[in-house]
Amino acid sequence: MVSHVDKRRFFLSAKVAKTATPQDCWWLTVVYGPQADEEKVEFLDELHQFRTTADGPWLLCGDFNMIYRAEDKSNDRLDRRCMRRFRAFINAAELEELHLVGRRFTWSSERDQPTLERLDRVFATAGWLQAHLSMFYH
């Protein structure tokens, strides 16, 4: 069952539940982050504002168009201020990353000497991980 659909500039969210009981509900947010640097602050603010009104387990995924670790880019041309903002958002929202297996990067500039980056990610709150991934850790 899907309810509470929330479409904003940079993402689409919905409340998801297997049953009508509140403890089975969780939030799913799919993002497409902006490419322009000046819009990245707005993007993170929009996600933060959403999270303040949508409590409970949360799965957040999509193309963030930003990185938060230097190893997520194949060269040293890093926007450290943007990385700090993204990392601060992840920490404030208490998100954990579900790590990609088998690939280090998800985007290429497709030039002769390409820049490679990991822009596509999946994050979840501890409550979402506990409810949905506990079966893998027994």
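Val30 has a relative accessibility of 41%, so it counts as partly exposed, in this predicted model. You will find Val30 in strand β3. Leaving aside residues up to four places away in sequence, Val30 touches Phe10, Phe11, Leu12 and Cys61. Val30 and Asp79 are 49 residues apart in sequence, and their C-alpha atoms are 24 Å apart in space.

Now look at Thr29. Is Thr29 buried or exposed? Its relative accessible area is 0%, so Thr29 is buried; the cut-off for buried is under 20%. Thr29 is found in strand β3, which covers residues 26–32. The side chain of Thr29 makes a polar contact with the side chain of Trp58, at 2.7 Å. With residues up to four places away in sequence not counted, Thr29 touches Phe11, Leu12, Ser13, Leu47, Phe50, Trp58, Leu59, Leu60 and Cys61.

Arg103 counts as exposed because its relative accessibility is 52%, and the cut-off for exposed is over 50%. Arg103 sits in the loop between β5 (95–97) and β6 (107–108). A polar atom of the Arg103 side chain lies 3.2 Å from the backbone oxygen of Phe105. Arg103 and Lys73 are 30 residues apart in sequence and 13 Å apart in space, C-alpha to C-alpha.

**The whole chain**

Let us zoom out. How many helices and strands does the protein chain have? There are three helices and eight strands, and from the N terminus on they run β-β-β-α-β-α-β-β-β-β-α. The radius of gyration is 16 Å, close to the 14 Å that the globule rule gives for 138 residues, so the chain is as compact as a globular protein of that length. Along the principal axes, the C-alpha atoms fill a box of roughly 55 × 35 × 25 Å.

Of the 138 residues in the protein chain, 43% are buried. The accessible surface comes to about 8700 Å², and 52% of it belongs to carbon and sulfur atoms. Among contacts between residues at least 6 apart in sequence, 60% join residues at least 24 apart.

**Inside the protein**

In soluble globular proteins, nonpolar side chains tend to be buried together. The largest nonpolar core here has 21 residues, and those with the most contacts inside it are Leu47, Trp58, Leu60, Phe64, Phe86 and Phe89. Four elements, β3, α1 (37–53), β4 and α2, each supply at least two residues of this core. Another core, of seven residues, lies apart from it and includes Val16, Ala124, Trp128 and Leu129.

Which residues does Phe86 touch, not counting those up to four places away in sequence? They are Leu44, Phe64, Met66, Ile67, Tyr68, Arg121 and Phe123. Phe86 is also part of one aromatic cluster, together with Phe10, Phe43, Phe64, Tyr68 and Phe123.

**Aromatic pairs**

A pair of aromatic rings is described by the distance of the centres and the angle of the planes.

| Pair | Centre to centre | Angle between planes | Kind |
|---|---|---|---|
| Trp26 and Trp128 | 5.8 Å | 75 degrees | edge-to-face |
| Tyr68 and Phe123 | 6.1 Å | 50 degrees | tilted |

Why does the pair of Tyr68 and Phe123 tie together parts that are 55 residues apart in sequence? Tyr68 lies in the loop between β4 (58–63) and α2 (80–92), while Phe123 is in strand β8 (residues 120–125), so the pair ties those parts together. Both Tyr68 and Phe123 are buried.

Terms used:
Residues numbered from 1 in each chain as written. Predicted model: local features only at pLDDT ≥ 70, side-chain atom pairs only at ≥ 80, totals over all residues. Heavy atoms only, no water. Buried < 20%, exposed > 50% of the residue type's maximum accessible area, 1.4 Å probe, protein only. Polar contact = N/O pair within 3.5 Å; in protein donor to acceptor, adjacent residues only side chain to side chain. Contact = heavy atoms within 4.5 Å. Phe/Tyr/Trp six-rings, centres within 6.5 Å; stacked < 30°, edge-to-face > 60°. Rg over C-alpha atoms; globule rule 2.2 N^0.38 Å. Areas by Shrake-Rupley, 256 points an atom, 1.4 Å probe, with all protein chains shown as cover. Core = buried A, V, L, I, M, F, W, Y, C linked by side-chain atoms within 4.5 Å.
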